[in-house]
Each structure stands twice: as C-alpha cells, then as structure tokens.
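Good morning, colleagues. I would ask you to keep the sequence and the model in view while I go through a few regions in turn.

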Amino acid sequence: MKLYNTLSRGMEELKLGKTVKMYVCGITAYDYSHIGHARTFVFFDTLRRYLEYKGYEVIYVQNFTDVDDKIVRRAVSEGKTQKEIAEKFIAEFLKDMSALNVKRPDYMPKVTDHIRDIVQAVQKLIELGYAYEVENEHGKDVYFHVPAFESYGKLSGMSLEELNRHRIEPNPKKRDVKDFALWKSAKEEDFKAKAVFDSPWGYGRPGWHIECSVMSAKYLGVPFDIHGGGKDLIFPHHENERAQSYALFSVEPVRFWIHCDFVMIKGEKMSKSLGNIVKIRDVLNVYGGEVLRYFLLTAFYRSPLYYSEKALERAKNSYNYLKNTLINLDMEISALKSFGEDRNSMGFDPSSFLKEFENAMDIMNTPKALAVFHSFAKAINRNLYDMSLKELESCFDTFMTFSKVLGLFENYERIPTLSKELIELVKEREIARKKKDFEKADKIREKLRERGIILVDTPKGTRWLTKHF
C-alpha cells in the first residue's frame, strides 16, 4: 500500500508490522455531528477494514473531547453541566456511526477520564524546558513555548510569518505569539458547567492539543503507525500535537500523518461560520446510512467532496444497482440449490475484478474501487443465467468481499434454500399459471407469503425473496 504522508508531502509505502496502531481524532461533543465528520470517520473505517482484509491486526483508537470552550458555553446557556452536554452528543454520534456501518474503535478514551495523565505530561514538559507557567487573576495557565521546538511548522509547512499570523490565543504574558495553551485556569463559566479539575496550577482544564498527545501515547505507545483526521486539523491541532509528543518522548511520534479533504457545498467549504452545515442525522432521515456511506466514498480522500441533493440521488441509484445485483445473484443461487439444478461452467472467474479492486484500494482510491465494483456487477448481470452454481457462489463471495471492505450491505441476510414442501408449492403454482388458473396461483402465492416467502416471477422462472427485503 502507498498513501500520502502529510509530514513528508509525498506518497510513501506503508511499511507496517503485523499490528497496525492507528489514532484518529474524534469529535468535540457539543453538537450533532455533520457530514464532514462522517467523511473522515467513514474513510478511516474503510482504511481499517482494508488493512484487516490484507491480514493486519489493527488497534484503532478514537478519542472524545468531552471538555472544551464550546461544550462549556453550551452547558452554561442550557443550564446543564459539561458532562451532560458531552454525554448527549457522544451518544448521538455513536448512533450516527452505527447507521453508517462504522465499526467501533478498540478504544474510545474521553479527556475527562485522563486528567491525571494530562497533568503529568504538562509537568514533564515544564521540567524539560518546553513549557512555562503564567499567573493570572484566576490561577495559572501553562503554555508550550513554540521556539523551544526547532522543527515546529514541519507538518503544516507554514512559514514563520504564517505561523505568527495564525495564532488565536492572545495573551500579553506569553513569551511568544505562537505559544499555545497546555492548561487553562478555570473561569466563572467553567465552575458553572462543572468543567473544572484540580492541578498543580489550581483549578482548570486541559488545552485542546495536549489531550491527543497523552491519549494516543497511552493506548498505542510512541511512535505509532497512523494518525488521521480531517484536513482542517493539520494546523494548529496536529502541528501542536506533534510538537508536544516529540518533546515528551524525543522521537518522531507518528510514522504516517493522513488527512481527508473538505466537504464542499455550492463551491464553499462546509463550516459553521458560513451556516452551511449538514448534519448526519438529517441526511440519514432521507437516504439511510448505507447510501450516505456510498456517497462519502465517491471522491478520493485527498480531493474535495462536493455535496448536493443531486449527488446524493446519483449515489442512491448507484447503491441500489449494486443492491439489486446482490439480490438477483442470491436469488439465482437459492433457486438452483432448491430445484437441485446446475449448469455447465462458462469459465467466469471473478479474480481479475478482485485484483483491480485491490489495486485501487492499495492507494485508498475508493471511487476507482466503486467503479470496479460496478463493472463486476454488470458482468454478473450479463451472465447471471449462464453461470454454474459454483461460479455464482464464487461471484457472491467476491461481491461480499468488496462489500465488507467498503462497509456496505452489512446486514444482508441470505435468501434461503426452500424445503421440498415449499418447492412443490412453487412448482404447483407455475403449472397453475401456465393453465391460466390465476385464482389458484394467487392462493399459493399468499400461502407462501404467510410463510415469509415473497415470490418473484422472472423470464427464467420463479424466484423468491424473504419479507425483510
């Protein structure tokens, strides 16, 4: 596999051991999650699935930021605690991810469960000379001193001038404009939201960036293989995270930094400031999770994804084509088994499609992988009534391999082979139809429906589904 490493600014071969350690920055739990979040987590879930398909053991960690300025502000405005707000939106996020077939991470650490670890890391950074305390009216803040870390800016590629311009934590007591908070002293609203924790610097709470440095190291060790997130996290979050972790452990903390591009709406980046946020739950209500997941995979992860109702409709139609192919394939397998029939082999081999699919996924080119999937589906449909049972089953296995890697058709239930008793009813109905005894044919159809079998008349004879379709 080859992926683009943000740190080196180039495609690199993933040189991995048997176990792959991956950390992906999770949500700040203050609101419902949007499709920008969905794109990131679906992509890294797909990467995880493909690595597992290739035989790797993946240890996947995804955190929750459950204490933050935005969480505190919402808690105060709603008369709730930080914990109540965070728990609500973490639960909503997990519901969204379940609908999108995103597998649960192996670990989902919360910031508030790791305050002691964070305090110890901040103390160590002070001792090493990378951080310093600043007194204020509320207690003490702690800042990371950026000039103490020589390679700061390497991940984002920003110049010194750009770095100075982008700082967003004004404080005249800071030693350098670029310095960023490791620990924030508690203010009145923090106490109202019960978002305060004791520390050597008084009551307060962690800065955003130190959280991920501490939690990734705790669960994966340092260095680990893959750190992922949205493109918007490269600076300042991942730049600061790299600086802290390198300072703490004296080693490059991450081998591969991988980032997803933005979701675009009407030519603009989706963002709260522009008021064009589309929540996952709103799309799920109209299209369902698998159609949205399909849509999120239609753009290469390093390219923008253009969101529109038309694009979702196209994704829905494409998804349904694959779903119908799967059903038709499975119906044919069930029919041949149930009738005790078979055909001569026509020499159809799905292995060439599997190879093309793997070539696409080796660089995580999901739109290309989907294109191969559709080519395979078309080949199945062309040859459906000519393939032998063994060939049909081989196609089914390959189809489900593609599906598992891409996270589609997760809850598909196989169409059953019918008992001799039910097959006799199917044959009896076919005879009745040929005699134009439609009343008898309808009675048999209804009798089978009551048994959970839905008959489907095709040019090649009777096939069937079960009620869950």
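This is a predicted model: local features need pLDDT of at least 70, side-chain atom pairs count only at pLDDT 80 or more; totals for chains, interfaces and linings use all residues.

I begin with a hairpin, in which two residues connect strand 14 to strand 15. Strand 14 covers residues 453-458, and six bridges join it to strand 15 in an antiparallel arrangement. Within this pair, Ile-453 has Thr-466 of strand 15 as its bridge partner. Strand 15 (residues 461-466) has five of its six residues buried, so it is largely enclosed by the rest of the structure. Buried here means under 20% relative accessible area, with exposed over 50% and partly exposed in between, for a 1.4 Å probe and protein chains only.

Residues are numbered from 1 along each chain as its sequence is written, and side-chain values use heavy atoms, leaving out hydrogens and water. Helices (H or I, at least four residues) and strands (E, at least two) are DSSP runs numbered from the N terminus, and two strands pair if DSSP finds at least two bridges between them.

Strand 9 (residues 224-230) is joined to strand 10 by six bridges, and Gly-229 stands opposite His-259 of strand 10.

What of the cysteines? Cys-212 is buried at 1% relative accessibility. The closest cysteine sulfur to that of Cys-212 belongs to Cys-25, 3.7 Å away and too far for a bond; a disulfide requires two cysteine sulfur atoms within 2.5 Å. Zero disulfides are found in the whole structure.

Finally, helix 12 (residues 351-361) packs against helix 13 (residues 366-383) at about 170°, with axes 8 Å apart. The two are therefore roughly antiparallel, the class for angles over 145 degrees, as against roughly parallel under 35, roughly perpendicular from 65 to 115 and oblique for the rest. Contact, meaning heavy atoms within 4.5 Å, involves residues including Phe-353 and Phe-357 of helix 12 and Val-372 and Phe-376 of helix 13.

Conventions:
Axes are lines fitted to C-alpha atoms, for helices over the stretch in contact, and angles run from 0 to 180 degrees between N-to-C directions.
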